[in-house]
Amino acid sequence: MANVYLWKTDVDSIDPEELAGKLEPFLEDFSKNRRIALKMHFGEKKKQHTPKT
Amino acid sequence: MRKKSNTHLKPEWIEPIYSSVAEKSKDCVLMDCTVLYNSPRALASSHIKVARDNGFNFAPIVIADGERGREEMMIKVDGKIFDEVRVGGALEDYDSLLVVSHMTGHLGAGYGGALKNVGMGLGNKAGKMEMHKAFRLKIRRRECIACEKCVEDCPVDAIKIKSSRIPGISESANIDQDRCVGCGGCVGTCPEGAIKIPWTAAPRKELQRRIAEYAKGALKDKNALFINFLLNITKKCDCVNEKQRPMTDDIGVLISNDPVAVDQASLDLIGKRTFQLRELIDPEIQIKHGEKIGLGERKYELTEL
């Protein structure tokens, strides 16, 4: 059986440093002396709003 | 109800994670691949610019399949569909993958999470084409105005304007199904909404199974960890260039070393019916197939941090 860990939070109250702290025990073993690609999605180009003249 | 917002993960959430990993590792980069459809992210240089413009300025960025998405590494998977898969070539330089995913709904794949982030996300252009081959788009000729916008938008020149035999319609767009890769870019481009994705279950089931096999390839022999953000959970994925309203309440952040388990737990917490409101696709297909091909297990124990 796999292990999954949950940190309950929400968009308005998430603190990035607290998040990193919660993840730290997992990142410690995972990262040591490794060459790591952090795979993510950077989002799309933001729509440009042209002001009306 | 929350206000609409841009949906991708916020760079300020990722930066401390990156810093922590970079401090301990030999090397760490942010990674993605080019996309198949008409977008600045279709080329590596403009993809990196989008990332920088969206605030990802704190780390080197590698677009693993190169400027035009042609650099690749073939990986044997011995799957039910693919013998081998085609992922971004630069992946070879890294022994570990930290997969940071935003859980969202997805029109084609049922949902987007860790498996889709890795499977679809790390396929190079040819790989993405193989996965999207599950779909065959259709044009409603009576609605087509032959404006050629879809012709200009198609990344593989699969659409042409041809004369029509339908009474009252002189010409309309036609899709060469052998060339079409099913990326769906034209669906959004058509001003008349004349191009339709056949939302039958079969191609979407097939797409999910293909994604799982690509995920297996990208993760082969890698040390891997998966972080799923169940925040600002929207109906459409982060590729959609529009502000969206969340479909449900925020839940939190999940972490696991099993990609199947982390996605299963994510769907269980969100409730898979959340992503089935309009589409009758089962979003668990990619998870079930992932387990079947040995990518991980659906049974998990959830521990609150």
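Ala265(B) counts as buried because it has 25 C-beta neighbours inside 10 Å. Buried means that 20 or more other C-beta atoms lie within 10 Å of a residue's own; exposed means 12 or fewer, partly exposed means in between, and C-beta atoms are placed from the backbone. This is a predicted model, in which local features need pLDDT of at least 70 and side-chain atom pairs count only at pLDDT 80 or more, while totals for chains, interfaces and linings use all residues. Residues are numbered from 1 along each chain as its sequence is written, and chains are lettered from A and ligands numbered from 1 in the order in which they are written.

**Around Ala265(B)**

- Ala265(B) sits in helix 8 of chain B. Helices (H or I, at least four residues) and strands (E, at least two) are DSSP runs, numbered from the N terminus.
- Leaving out residues up to four places away in sequence, Ala265(B) touches Val4(A), Leu254(B), Tyr300(B) and Leu302(B). Contact means that two C-beta atoms, placed from the backbone, lie within 7 Å.
- Asp250(B) is 15 residues from Ala265(B) along the chain, and their C-alpha atoms are separated by 14 Å.
- Helix 8 (residues 259–270) of chain B lies across strand 1 (2–8) of chain A and across strand 12, strand 13 and strand 14 of chain B. Helix 8 runs at about 10° to strand 12 of chain B. Axes are lines fitted to C-alpha atoms, for helices over the stretch in contact, and angles run from 0 to 180 degrees between N-to-C directions.

- An open sheet is formed by 8 strands, in the order 2(B)-1(B)-2(A)-5(B)-12(B)-13(B)-1(A)-14(B), with mixed pairing. Strands pair if DSSP finds at least two bridges between them.
- At the edges are strand 2 (61–63) and strand 14 (300–304) of chain B, each pairing on one side only.
- From one strand to the next, the twist averages 25°.
- Helix 3 (residues 114–122) of chain B packs on the sheet. Helix 3 touches strand 2 (35–39) of chain A, plus strand 1 (27–32), strand 5 (96–102) and strand 12 of chain B.
- Strand 12 (residues 223–230) and strand 13 (residues 252–256) of chain B pair antiparallel over 5 bridges. There, Phe229(B) stands opposite Val253(B).
- Strand 1 of chain A pairs with strand 14 of chain B in the parallel sense, over 5 bridges. Ala2(A) stands opposite Tyr300(B).

- Chain A has 1 helix and 2 strands, running β-α-β from the N terminus on.
- Of its 53 residues, 36% count as buried.
- In the contact between the chains, 40 residues of chain A meet 71 residues of chain B.
- Helix 1 of chain A gives the largest share of chain A's side, 12 residues.
- That side of chain A divides into 20 nonpolar, 6 polar and 14 charged residues. Ala, Val, Leu, Ile, Met, Phe, Trp, Tyr, Cys and Pro count as nonpolar, Asp, Glu, Lys and Arg as charged, and the others, Gly among them, as polar.

**Helix 1 of chain B**

- The buried residues of helix 1 of chain B are Pro11(B), Ile14(B), Ile17(B), Tyr18(B) and Val21(B).
- Seen down the helix axis, these buried residues fall within an arc of 125°, so they line one face of the helix. The arc is that of the directions from the helix axis to the C-beta atoms.
- An α-helix has 3.6 residues a turn, so residues three or four places apart point the same way.
- The cover over the buried residues of helix 1 of chain B includes helix 1 and strand 2 of chain A, with strand 1 and strand 5 of chain B.
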